[in-house]
Structures are given as C-alpha cells and as structure tokens.
Amino acid sequence: MANVTVIGAQWGDEGKGKIVDWLSERADVVARFQGGHNAGHTLVVGDKVYKLSLLPSGIVRGTLSVIGNGVVLDPWHFRDEVAKLKGQGVEITPDNLQIAETCPLILPFHRDLDGLREDASGAGKIGTTRRGIGPAYEDKVGRRAIRVCDLAHLDDLGPQIDRLTAHHDALRAGFNEAPIDRAALIAELTEIASFILPFVKPVWLTLNKAKSEGKRILFEGAQGTLLDIDHGTYPFVTSSNTVAGTAASGTGLGPSGAGFVLGITKAYTTRVGSGPFPSEQDNDIGQRLGERGHEFGTVTGRKRRCGWFDAVLVRQSVAVSGVTGIALTKLDVLDGFEELQICVGYKIGERTFDYLPAHAQDQARAEPIYETIGGWSDTTAGARSWADLPAQAIKYIRRIEELIGCPVTLVSTSPEREDTILVRDPFAD
C-alpha cells in the first residue's frame, strides 16, 4: 500500500482538513511536515466541529500523529490547542502524538517582530498571520534558533541566546522596542518545557520504522503550493516550502516515502491577504461564492477573496509538486450558476501566457483569459457517486482535468466527510 502526501494546490484553504480526516481513518500515521499554527484545518465529524492549526488532523481519529522537523512550533499555542481538543473529548497523549526533537520554536519576540514589520510596511504589507512564523524560520536558517531539544538543556542555552539577542535586539531597537529580557525568556521556557518534553521523539526513527513495517503514512501539508517560498506568488507567500517534496525534508523519511501526491483544489479559487489574484471577482459573483462557501479564514477569521477556477495556476501546482491526483472540493458552491468561467491563460500587455510569470509586477498586471462553460441548476450537495451529479457538473470536472493535465481522484460535495465521491483510492497505488 502506498503512502499519501496531501498538499494544497491553490493559495491554501482548499479543504485539506476534511480530506486528511477522510484519509486518516485508513492511515497508521499522520505527519505534518511544514508551516506552523498559521495553518487552519476545520474537521466536521458528526455533530462536532474541530478547528486545528498546529496539530495533525489525524489526532481527532486517534491515529498516531507526528509534528515533523519542518514545522515551527509555538509551544504555548501547542499547549492551548491540546487543551481545547481535550475539552472536546479528544485523547492526546505521548502515545498518539509526537514532536520532532529538531523543530524550531516560535518565541514571543518572533510574534512581536512579525507584527512590528507588518505595521511598518504600509502598502508593502504581505498579509501575514502575525504569529511569528516567518521570523522563526529566519532564525532557523540563520542558525540561531532555539529548538525543541533545547528545552531539555536550558542550562546550556547561553551561547544560543547570545546569538539570538545579538540579532533581535538590533532589530527591536530599530522599532524603538526594548531588548529581549533574557531572564524572562528562560523563565517562560522553563515553565513550558515540562509540558512539551513528554511528546518529544526522534520522529524520523518513528516514520522510518513505520515505513519498514509497511504501514500507511499520510503526510499533511499546510497552506498551498501557490504560497510556497520558491514557487509561489513571491513576496506574497509563506515562509516555508509547501510543495510535496518538503514531505521528505520536513520529516526525515526521505523522498521515496512521499507516495501518492494528492492536490486539494477548490472548484473555484480563493485567497486570504494581499497578493496577485488574476481571476478574482470583486463583484456580486465573488460575494455569492464567498457567502455560499462560508469563506472566512479558520485561523485569522479574515474574509477570503473569491474568483473563478484558475486552471493555469493549478496546472503549475500539479507540475512543481508532482501531483498524482486532484481532490476537488466545494463543488456544491457552484450549484445554480447559469454560466461558469475557467481561466485558461493570461494577457500581460500585448503578450499572452499559459503560465504565471515570476515577477510580482507581471503577476499584478495579468489579465485572465476565460473559457465559458454552462452551469447547472440541480444540486450537487451531498452527492456520493457520479450518478448523483448533474451531467453539466461532470462536464465541468472533465474540462478541469483536461486543462490541468491531472485526473480528479476525489470530489467533495459538502463539509461532511461521507459526502465524498471516490474515483481512485490514493492508498491503493
């Protein structure tokens, strides 16, 4: 049986939570491999709604869940999220949840710096979640991060704090902020260490052992491919690599373990925050999509920008992440539209493009080239087989497959996990 890697194929918020939950019931391990608590996954299980941002979605099912080394971990948020889920009846112990020893920590001054930079950026705002994700990744690659394993060696942390404060105190001075209080930082880390350390394991060993035993591993990505630090709409991106290849480096399993790559894609397009969005509908259509799709960010509560399906961008995501199959979500939101538009190219000045150029100004100037396809009046909500779908909805799906060069593997027709049409089982490959 194959492993499965789940990624977002747009700008995030594609409905990964439901799909990962749907798959996790048949997985032996679920592993997060990048991002932090800037991710937002909503799971609907019966009459209960679970909102996760850091914990792997498999934890709700009791599946062994792993936070890989590619994740940046806010230990205080971790404690709060564990408490919240326990309050909803979810059992969370070191037996079913592990944290990689080498995860970098998000510290209070990372959150401070994130907010200070955004407030000072004016028109150059990126639209971050202000949760310290970017500054924590900066410290990781700058080799000055405090990592999870350091919580067991706080007495040896002096040289690392010297490196951290040398960097951050200079930045803070530029914003007229006081230097980092070293004693307060050590006190906060000492207080949280006893909660975090029981969950800490060499998760690369856990995952390699699971692989050698033939167990099914489900890798859970956060954000979306178009927010990838290398392949996304830079600089309006997140601070980590969100493509499927990161499943290897972000967990320590190795590239052969990624298995079937499932790209989650809405039947239309949304984006939170700033940045280019060629097919955006800042009009009644966008309003209708947003209202029907309940388009508000799980983490930030921000209203999502909405627009038509952009086949060009999804085709790029399929290429750079090696997507094997697409899970098409929120098809039911399109019920009742007389006509639908699909973006099939761009015009920038006098030139046409079948991809989105890399430069930010070209991206901002890109005008969509649309193909029109008829809509449907019958409902798709709750459909669980092809026979339940209107013929025109099937035609829409088939045209998307042609344009993105990738088959649709799953179709989701409501937030309920059972309302899913399975075309091809990712775990069977």
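This is a predicted model: local features need pLDDT of at least 70, side-chain atom pairs count only at pLDDT 80 or more; totals for chains, interfaces and linings use all residues.
I found an open sheet of ten strands with mixed pairing, running β7-β6-β5-β2-β8-β1-β9-β13-β17-β18. I then looked at the edges, where β7 (200-201) and β18 (420-422) stand. Each of these has a single partner strand, so one side of β7 and one side of β18 are left without a neighbour in the sheet.

Next I picked out β9 (residues 260-266) and β13 (residues 325-329). I noted that they pair in the parallel sense, over five bridges. For threonine 265 I looked up the bridge partner in β13, and it is leucine 328.

**Helices α3 and α4.** I moved on to α3 (residues 108-120) and α4 (residues 133-141), which pack with their axes 7 Å apart. I read the angle as about 120°. The crossing of α3 past α4 is right-handed.

I listed the residues that meet. From α3 these are Phe109, His110, Leu113, Asp114 and Arg117. From α4 they are Ile133, Pro135, Ala136, Glu138 and Asp139. Sorted by class, the contact has five nonpolar, four charged and one polar residue.

**Burial in α4.** Which residues of α4 are buried? I have Ile133, Gly134, Pro135, Ala136, Tyr137 and Asp139 down as buried. I also asked what covers the buried residues of α4. The cover includes α3 and α5 (158-174). After α4 comes arginine 143, and I noted its positive phi, near 60°.

**Cysteines.** How many disulfides are there? The count is zero. I checked cysteine 103, which is in no disulfide. Its nearest cysteine sulfur belongs to cysteine 149 and lies 9.7 Å away.

The cut-off I applied to a pair of cysteine sulfur atoms is within 2.5 Å.

I also looked up accessibility for both cysteines. Cysteine 103 is buried, at a relative accessible area of 0%. Cysteine 149 is partly exposed, and its relative accessible area is 23%.

Definitions and conventions: Residues are numbered from 1 along each chain as its sequence is written. Side-chain values use heavy atoms; hydrogens and water are left out. Buried means under 20% relative accessible area, exposed over 50%, partly exposed in between (1.4 Å probe, protein chains only). Axes are lines fitted to C-alpha atoms, for helices over the stretch in contact, and angles run from 0 to 180 degrees between N-to-C directions. Helices (H or I, at least four residues) and strands (E, at least two) are DSSP runs, numbered from the N terminus. A crossing is left-handed if the near helix is turned anticlockwise from the far one by less than a right angle, and right-handed if clockwise. Contact means heavy atoms within 4.5 Å. Ala, Val, Leu, Ile, Met, Phe, Trp, Tyr, Cys and Pro count as nonpolar, Asp, Glu, Lys and Arg as charged, and the others, Gly among them, as polar. Two strands pair if DSSP finds at least two bridges between them.
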